[in-house]
Amino acid sequence: MFNRIFGKPKEQANASALATLDKLNETLDMLEKKEKVLEKKAAAELERAKDFSKAKNKRAAIQSLKRKKLYEQQIEQLGNFQLRIHDQMIMLEAAKATTETVDALRTGAAAMKAMQKATNIDDVDKTMDEINEQTENMKQIQDALSAPLGASADFDEDELEAELEELEGAELESQLLEPVAAPPVHPVQVPTRPNRPVPQKASAEEDELAALQAEMAL
């Protein structure tokens with residue numbers, strides 16, 4: 001349905017815009033080529049005017065300058081044409097972008113409307129109620145499974161807490177009454193005195209010197 005309503009006009013508009021842009025680009029290229037040709041002709045007429053002026057041919061020089069002015073007017077006119085074509089291309093591209101944007105927004109809005117139509121608010125409320133009910137049932141089941149069974153269900157929690165406190169107090173009291181162990185005694189190490197060096201025996205030369213000194217004393 002959307003293709004039947006929006007597809008053909010969109011395709012036709014895009015095709016027409018592309019064809020127009022191509023035509024404008026071709027025209028712009030043609031005007032740029034003509035502008036270059038006229039610029040060369042205007043430059044040639046200026047050179048002729050200089051040559052005629054050097055040759056003292058004032059009339060011919062003035063005619064060349066007139067033709068140069070005419071070429072420059074045409075060049076200015078072509079520049080205005082190019083400017084208008086550029087403006088037209090910019091506006092056409094902007095219009096094309098606007099059309100595509102609006103078409104995309106329209107398509108998105110239609111898709112959102114279709115999804116909202118497929119999702120009823122009553123169905124959503126019903127689904128949320130079912131989820132909440134299932135969550136509550138699961139919570140009740142978990143509470144029932146975690147409840148104590150048999151003989152343990154008859155125990156008083158406060159009584160158990162009091163008994164635990166008594167055990168902890170008795171343990172603390174027994175620790176305080178235990179004798180304090182004496183610290184270990186480490187042996188004191190007494191530094192030993194270094195051994196004196198043993199004098200070495202006199203050498204043979206010292207013995208001979210001592211004997212000679214004894215003879216001289218006699």
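Aspartate 103 is buried, with a relative accessible area of 9%; buried means under 20%, exposed over 50% and partly exposed in between, using a 1.4 Å probe and protein chains only. This is a predicted model: local features need pLDDT of at least 70, side-chain atom pairs count only at pLDDT 80 or more, and totals for chains, interfaces and linings use all residues. Residues are numbered from 1 along each chain as its sequence is written, and side-chain values use heavy atoms, with hydrogens and water left out.

**Fold and surface**

- The protein chain has five helices and zero strands. Helices (H or I, at least four residues) and strands (E, at least two) are DSSP runs, numbered from the N terminus.
- The order of elements from the N terminus is α-α-α-α-α.
- Of the 218 residues in the protein chain, 11% are buried.
- Its accessible surface is about 19600 Å², and carbon and sulfur atoms account for 58% of that. These areas come from the Shrake-Rupley method with a 1.4 Å probe; for residues, only the protein chains shown count as cover.
- Take contacts between residues at least 6 apart in sequence: 76% of them join residues at least 24 apart. Contact means heavy atoms within 4.5 Å.

**Confidence**

- Mean pLDDT for the protein chain is 79, and 73% of residues reach 70 or more. pLDDT is the predictor's confidence in each residue, from 0 to 100.
- Helix α2 has the highest confidence, at a mean of 90, and helix α5 (residues 204-217) has the lowest, at 65.
- Residues 1-6 stay under 50 in pLDDT, and the model gives them five contacts beyond four places in sequence.
- Where pLDDT is low, predicted coordinates should not be read in detail.

**Nonpolar core**

- The largest nonpolar core has 12 residues: Leu21, Leu24, Leu28, Leu31, Leu38, Ala42, Tyr71, Ile75, Leu78, Ile85, Met89 and Leu92. Helices α1 (2-54) and α2 (58-118) are the elements that give two or more residues to this core.
- A nonpolar core is a set of buried Ala, Val, Leu, Ile, Met, Phe, Trp, Tyr and Cys residues joined through side-chain atoms within 4.5 Å.
- Leucine 24 touches Ile85, Gln88, Met89 and Leu92, leaving out residues up to four places away in sequence.

- Serine 64 sits in helix α2. Serine 64 is buried, at 0% relative accessible area. Beyond four places in sequence, serine 64 contacts Glu45, Arg48, Ala49 and Phe52.
- Lysine 68 is also found in helix α2. Lysine 68 is buried at 12% relative accessible area. Not counting residues up to four places away in sequence, lysine 68 touches Ala42, Glu45 and Leu46.
- Alanine 60 lies in helix α2 and is buried at 17%. Alanine 60 and arginine 48 are 12 residues apart in sequence, with their C-alpha atoms 8.5 Å apart.

**The α1-α2 loop**

- Lysine 56 is in the loop between α1 and α2. Lysine 56 is exposed, at 74% relative accessibility.
- Phi of lysine 56 is positive, near 65°, in a residue other than glycine. Most residues other than glycine have a negative phi.

**Salt bridges**

- The whole structure holds five salt bridges. A salt bridge is a side-chain nitrogen of Lys or Arg within 4 Å of a carboxyl oxygen of Asp or Glu.
- Arginine 67 and glutamate 45 form one, at 3.1 Å from N to O. Arginine 67 lies in helix α2 and glutamate 45 in helix α1, so the pair ties together parts 22 residues apart in sequence.
- Arginine 67 is partly exposed, at 32%, whereas glutamate 45 is buried, at 5%.
- Glutamate 100 pairs with lysine 96, with the closest N and O atoms 2.7 Å apart. Both lie in helix α2, four residues apart, about one turn of the helix. Glutamate 100 is partly exposed at 35%, and lysine 96 is partly exposed at 21%.
- Aspartate 103 forms a salt bridge with arginine 106, the closest N and O atoms being 3.9 Å apart. Arginine 106 is partly exposed, at 37%.
- Salt bridges that share partners link Glu45, Arg48 and Arg67 into one network.

**UniProt record**

- An unreviewed UniProt entry lists residues 14-48 and 124-173 as "coiled-coil region". UniProt positions follow the numbering used here, feature names are shortened, and annotations may be inferred rather than shown by experiment.
- In the model, residues 14-48 are 100% helix and 0% strand, with the end C-alpha atoms 51 Å apart.
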